[in-house]
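Reader: Could you walk me through how to read this structure, one feature at a time? I am new to it.

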Amino acid sequence: MDCKKGKTVPANTTSAIESRQTGNRVVTAGIIAIVSILMIAAVLLFISLPDANAFNARVEQLFVENDTLTGNAEIKLLEILAQSGTAFSDTLSSYRFVIFVLLVFSTALLVAAIAFLVMLIAMNRRMGQIERKGIEVNSLLISRDQNTVYLNNFEFKLTEAAIETLSVLAEARMDDEVLSGSEIEGVISGRPSADCDEAAGATRIKRLRDSLGNQMMSELLVKNIARRGYMLAIDKDVIRMV
Amino acid sequence: MKYFLLSMTILFLAATAAQAACYADYKAKQDDPLRLHYGVALIEGDCTVENAETELTERLAVDDWQMLNVLEVFDEDGLQEREDSAGEYYLRY
């Protein structure tokens, strides 16, 4: 086998692990960003809040600058002012603590929020993949001139007869009709359905089922990579031997 | 005699000038909790604001008072008007 010949086909699979890794990176970056922003906010908060001694300094300045403020009563008044200021600065420091607690809370909440957001995105992506990969059909496209049918995103090549059967069934489904074997045979062959054999229609259905089921199973389970070989199209983590 | 009288007068004047006591009024504070006081004190050295400041800073520090500023220096004539304001700190330090 010549491995160097030609380019390797890029894998068209998306590993769940890969998206989990990028998700983890995003989560880590987001959490670091949030924590650092809130840390900066906390530091700024502690810096910008007035110093507990600010009131005292102000009163002292008043006292020094005014030479007439020398009476006993005036000095007492100034001291009372300073004391009430100190009491207020105690309140301020308790506010500061409350604000800090709230900051910690908001950090926790934001971290949780970003983690959940990323998880949600990853979940959505996985759900999309599951929907596309699963048996549930959410798109059916019949290309009659190429004898192909696209189920979800899988391409299946069918024989002309099988495509004909599928088209008839699809048209009937769109009109919410149920066709019997003889009716199917009648539509395809162009004869009145009363003249047609029920078994002939059943054979057409059987052929369609065989061909489509075969290909579907091969696409879902055993993948054929062009010029390289075969591979099970499943995640290696889910395999277990008993 | 005339010279003697003159010299005596000069001597007497010099003596009274030397005896004229020097006082200063000042402002001081204590921290935690903030306490303030205005006081009057006797200054022993030169009768200048600078000298009063250095002297009072030392004397007040003994009782944990921190000198803020000296308003002015004066002699006995100024004492009377400041006695009321200084209260318990009148000539205490």
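Author: Let us start with burial. A residue is buried if 20 or more other C-beta atoms lie within 10 Å of its own, exposed if 12 or fewer, and partly exposed in between, with C-beta atoms placed from the backbone. Glu50(B) has 11 other C-beta atoms within 10 Å, so Glu50(B) is exposed. Glu50(B) belongs to helix 2 of chain B; helices (H or I, at least four residues) and strands (E, at least two) are DSSP runs, numbered from the N terminus. This is a predicted model, in which local features need pLDDT of at least 70 and side-chain atom pairs count only at pLDDT 80 or more, while totals for chains, interfaces and linings use all residues. Residues are numbered from 1 along each chain as its sequence is written, and chains are lettered from A and ligands numbered from 1 in the order in which they are written.

Reader: How far apart in space are Glu50(B) and Val70(B)?

Author: Their C-alpha atoms are 8.4 Å apart, although 20 residues separate the two in sequence.

Reader: What is the mean pLDDT of chain A?

Author: pLDDT is the predictor's confidence in each residue, from 0 to 100. Where it is low, the predicted coordinates should not be read in detail. For chain A the mean is 82, and 88% of the residues reach 70 or more.

Reader: Which residues of helix 2 of chain A are buried?

Author: In helix 2 of chain A, the buried residues are Phe55(A), Asn56(A), Val59(A), Glu60(A) and Phe63(A). They lie on the same side of the helix, because they cover an arc of only 130° around the axis (the arc is that of the directions from the helix axis to the C-beta atoms). Exposed Gln61(A) and Glu65(A) sit on the face turned away from that buried side.

Reader: In what order do the strands of the sheet in chain B come?

Author: Strands of a sheet pair through backbone hydrogen bonds, either parallel or antiparallel. Two strands count as paired if DSSP finds at least two bridges between them. In chain B, three strands make an open sheet in the order 2-1-3, with antiparallel pairing. Strand 2 (35-43) and strand 3 (66-74) are at the edges with a single partner strand each, so one side of each has no neighbour in the sheet.

Reader: How many bridges join strand 1 of chain B to strand 2 of chain B?

Author: Nine bridges join them, while strand 1 (residues 22-30) and strand 3 of chain B pair over seven bridges. You can follow Lys29(B) both ways: its bridge partner in strand 2 is Leu36(B), and in strand 3 it is Gln66(B). Strand 1 of chain B is largely enclosed by the rest of the structure, because seven of its nine residues are buried.

Reader: How many residues of chain B are in contact with chain A?

Author: Contact is judged by C-beta atoms placed from the backbone: two residues are in contact if these lie within 7 Å. By that rule, 13 residues of chain B are in contact with 15 residues of chain A. Strand 2 of chain B gives the largest share of the side of chain B that touches chain A, four residues.
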